[in-house]
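This briefing covers overall build, surface patches and salt bridges. Look at the structure below before reading the points.

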Amino acid sequence: MRDRIYLALFKAFRWIVLHTPRKAEALFIKALARLIYLLDAKHRHIARVNLDLAFGETMSETEKREIVKNTYENLLFNLADFVRNQGISKDDLLKKVKFVNPEIVEEAKRLKKPIIFITAHYGNWELLPLAVAAKFGPITGVGRPLDSKVMDEILRANREQFDIKMANKKGAMKELIRAVKDGRNVGLLVDQNTAENEGLLIDFFGKEARHTPAAALLARRVDGVIIPAFITTKDHIEFSIEIYEPITVSKELEKDEAIKRCVQQQADVTERAIRKKPDEWFWLHKRWKNRFEELYRR
């Protein structure tokens, strides 16, 4: 029954996206986002805790409230673009995406270095791997299957366009190493909280947080380069993917220290991207849960 409800809601939203003029669609999405914002007290609270931890009194209450509202809008605009990207051609996809600093990736390819793209739940993060794969070649990513089987099938079909493969989060490292040996790029989301036995403590917005070491461990194992990439938009029609300077794992430091430093660099570049446009990050998850769980419970 739950799957049927999810599918019906998705089909209704899909029909609106495909049959409504863009201006009317935008008004509908903003109204729906505002309604969800008003009803979803739980995630509204999580977002406010995160914003307080990240910005403290350097950001006003009004600014924080607007960021939370925009977070909900961004999710729905992303879903609308997800609908439009189903079965899209490579040419049409690349027409709406501009790459900033693509020469960084081209140089890594010229040096035949295994490439590990990292990003965050930021901007239109579902579009990012499609565009990167369409421009730079096949990618293997990591994801946890959705609880809804029917929605997971829809999500997977969209994510695996342009020779993208998705590895299950459990036991993913072996598959990622195999992907590198097969000449594929790797893509990882690295901005969410992790369990104590999985993540390393780093500084994120001046607060301790747990961060996955997966990209650093893989880069050290395959002698690869980590390339951060973040996607933003002004109108949810055209998008810009900014590629940042590559991050490597030091061969001169002891292993644990080299991994820790590499993970901190990943957290730093993620923070830089978020600070540029805070309302495009996914503030609705408990990023600092491992260190400030009591704040989320209040």
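Helices (H or I, at least four residues) and strands (E, at least two) are DSSP runs, numbered from the N terminus. The model is predicted: local features need pLDDT of at least 70, side-chain atom pairs count only at pLDDT 80 or more, and totals for chains, interfaces and linings use all residues. Residues are numbered from 1 along each chain as its sequence is written, and side-chain values use heavy atoms, with hydrogens and water left out.

**Overall build**

- The chain has 12 helices and nine strands.
- Its radius of gyration, taken over C-alpha atoms, is 19 Å, close to the 19 Å that the globule rule (2.2 Å times the number of residues to the power 0.38) gives for 298 residues, so the chain is as compact as a globular protein of that length.
- Of the 298 residues, 48% are buried; buried means under 20% relative accessible area, exposed over 50%, and partly exposed in between (1.4 Å probe, protein chains only).

**Salt bridges**

- The whole structure holds 19 salt bridges, each being a side-chain nitrogen of Lys or Arg within 4 Å of a carboxyl oxygen of Asp or Glu.
- Lys 95 and Asp 92 form one of them, at 3.7 Å from N to O.
- These two residues are about one helical turn apart, because Lys 95 and Asp 92 are three residues apart in helix 5 (residues 90-95).
- Lys 95 is exposed at 66%, while Asp 92 is partly exposed at 40%.
- Arg 184 and Asp 163 also meet in a salt bridge, at 3.2 Å from N to O.
- This pair links distant parts of the chain, 21 residues apart.
- Arg 184 is buried, with 9% relative accessibility, whereas Asp 163 is partly exposed at 42%.
- Lys 113, Asp 223 and Lys 251 are linked in a network of salt bridges.

**Surface patches**

- Patches are made of residues with over 30% relative accessible area and no salt bridge; like charges are joined within 9 Å, and nonpolar side chains (Val, Leu, Ile, Met, Phe, Trp, Tyr) within 5 Å.
- Lys 174, Arg 178, Lys 181, Arg 220, Arg 221 and Lys 255 form a positive patch.
- Helix 9 (172-181) and helix 10 (214-222) each give two or more residues to the positive patch, and helix 9 gives the most, with three.
- Lys 174, in helix 9, is exposed at 67%.
- Met 1, Ile 5 and Leu 9 form a nonpolar patch with about 360 Å² of accessible area together, computed by the Shrake-Rupley method with a 1.4 Å probe.

Notes. Lys and Arg count as positive and Asp and Glu as negative; His and the chain ends are not counted. The place of a charge is taken as NZ of Lys, CZ of Arg, CG of Asp or CD of Glu.
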